[in-house]
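This briefing is intended to be read alongside the sequence and the model.

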Amino acid sequence: MQGVVSYPPGTARQLTMSTLAFIRPVLRPGDRVLDIGCGEGFVLAELASAHEVTGVDIADHRATRLPRFALYDGLRLPFADGSYDVSLLAFVLHHVPNDLKPVLVREARRVSRRAIVVLEDTPRTLLDRIACHLHGRAYRRKVGSTAGFGFYDPARWEAFFAQLELRVVTSTAFSRFRRDWRRPWARTCFVLEPWDGRPRTAGELS
Ligand SMILES: C[S@@+](CC[C@H](N)C(=O)[O-])C[C@H]1O[C@@H](n2cnc3c(N)ncnc32)[C@H](O)[C@@H]1O
């Protein structure tokens, strides 16, 4: 899909650029990219001219055209092992009940050959925690669900990923004002790679 992505008034463009600044450095030419919980789809629309992109979500929030999109059950990704080079989970995992988080992240690991990029609200202060809780609760009400949700701090995420045999390549705290100055909550970008515990060769590390 070529051309300029058109954005509605508001923060959508700024939020998209913020996410792109984290995922673009991980991408190589021609990579196949899966956005799990793609929401409005702007990140994929921006990447579509250089990459084969696919979005999945539990609801259709698309506000832009995407070449490939699928609804799914929120846990089992409808793709074969290693179908994508890089997967993105941007502000999705906190909406997934804690006991189901491992199921979805294992699925992301199964379909991703090289890397998974996770962006998350990672509360550090009491104010962060209150804001995150209100956000999580509002989302549950919006989707008419009483299921749980859960925000972790960076250390808890890192331990969680390690348990799932994902190596944390980088764990980068955002500037609080980077996305939306009206919502200056603590956030972190994790770049993960599937890891089976064996030492990496020099070639794999380059
Ligand atoms: C805060 S929005 C983020 C959307 C997009 N990733 C972004 O960064 O703009 C959360 C998205 O996660 C989706 N979502 C919630 N639970 C999900 C699940 N189990 N699997 C995939 N998407 C899910 C919601 O439908 C929504 O589109």
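Helices and strands are here DSSP runs, of at least four residues (H or I) for a helix and at least two (E) for a strand, numbered from the N terminus. In those terms, tyrosine 72 lies in the loop that joins β3 to β4. The model is a predicted one. The protein contains six helices and seven strands, and its order along the sequence is α-β-α-β-β-β-α-β-α-α-β-β-α.

**Overall dimensions and packing**

- The C-alpha trace spans about 45 × 40 × 30 Å along the principal axes of the protein.
- Of the 206 residues in the protein, 34% are buried.
- When contacts between residues at least 6 apart in sequence are considered, 64% of them join residues at least 24 apart.

**Helix α1**

- Helix α1 covers residues 12–23, a run of 12 residues. The distance from its first C-alpha to its last is 17 Å, close to the expected 16 Å.
- The buried residues of α1 are Leu15, Thr16, Ser18, Thr19, Phe22 and Ile23. Viewed down the helix axis, the buried residues of α1 fall within an arc of 160°, so they line one face of the helix.
- An α-helix has 3.6 residues a turn, so residues three or four places apart point the same way.
- The cover over the buried residues of α1 includes α2 (42–47) together with the strands β4 (84–90), β5 (112–121) and β7 (187–194).

- Helix α4 has 17 residues, which should span 24 Å at 1.5 Å a residue; the end C-alpha atoms are 24 Å apart, in agreement.
- Just after α4, glycine 144 adopts a positive phi of about 65°.
- Cysteine 132 is located in α4, which comprises residues 126–142. Cysteine 132 counts as buried because it has 21 C-beta neighbours inside 10 Å, where the threshold for burial is 20 or more.
- Beyond its neighbours within four places in sequence, cysteine 132 contacts His94, Asp121, Pro123, Phe151 and Trp185.
- Histidine 94 and cysteine 132 are 38 residues apart along the chain, and 9.0 Å separates their C-alpha atoms.

**Shell around the ligand**

- There are 16 residues around the ligand, and those that come nearest are Gly37, Gly39, Gly74, Ala90 and Val92.
- By class, the shell around the ligand consists of nine nonpolar residues, six polar residues and one charged residue.

**The loop between β3 and β4**

- Tyrosine 72, in the loop between β3 and β4, has 14 C-beta neighbours inside 10 Å and therefore counts as partly exposed.
- With neighbours within four places in sequence set aside, tyrosine 72 is in contact with Val56, Ile58, Leu77 and Pro78.
- Glutamate 158 is 86 residues from tyrosine 72 in sequence, and the two C-alpha atoms are 27 Å apart in space.
- Glycine 82 also belongs to the loop between β3 (69–71) and β4. Glycine 82 has 13 C-beta neighbours inside 10 Å, so it is classed as partly exposed.
- Outside the four places on either side in sequence, the contacts of glycine 82 are Val111 and Arg113.

**Positive phi in residues other than glycine**

- Phenylalanine 91 has a positive phi of about 60° and is not a glycine.
- Phenylalanine 91 occupies the loop between β4 and α3 (101–111). Phenylalanine 91 is partly exposed, since 17 other C-beta atoms lie within 10 Å.
- Glutamate 165, likewise not a glycine, has a positive phi near 60°.
- Glutamate 165 is placed in the loop between α5 (154–163) and β6 (166–173). Glutamate 165 is partly exposed, given 14 other C-beta atoms within 10 Å.

Notes:
Residues numbered from 1 in each chain as written. Predicted model: local features only at pLDDT ≥ 70, side-chain atom pairs only at ≥ 80, totals over all residues. Expected span 1.5 Å × (residues − 1). Buried ≥ 20, exposed ≤ 12 C-beta atoms within 10 Å, placed from the backbone. Arc of directions from axis to C-beta. Contact = placed C-beta atoms within 7 Å. Near = placed C-beta within 6 Å. Nonpolar A, V, L, I, M, F, W, Y, C, P; charged D, E, K, R; others polar.
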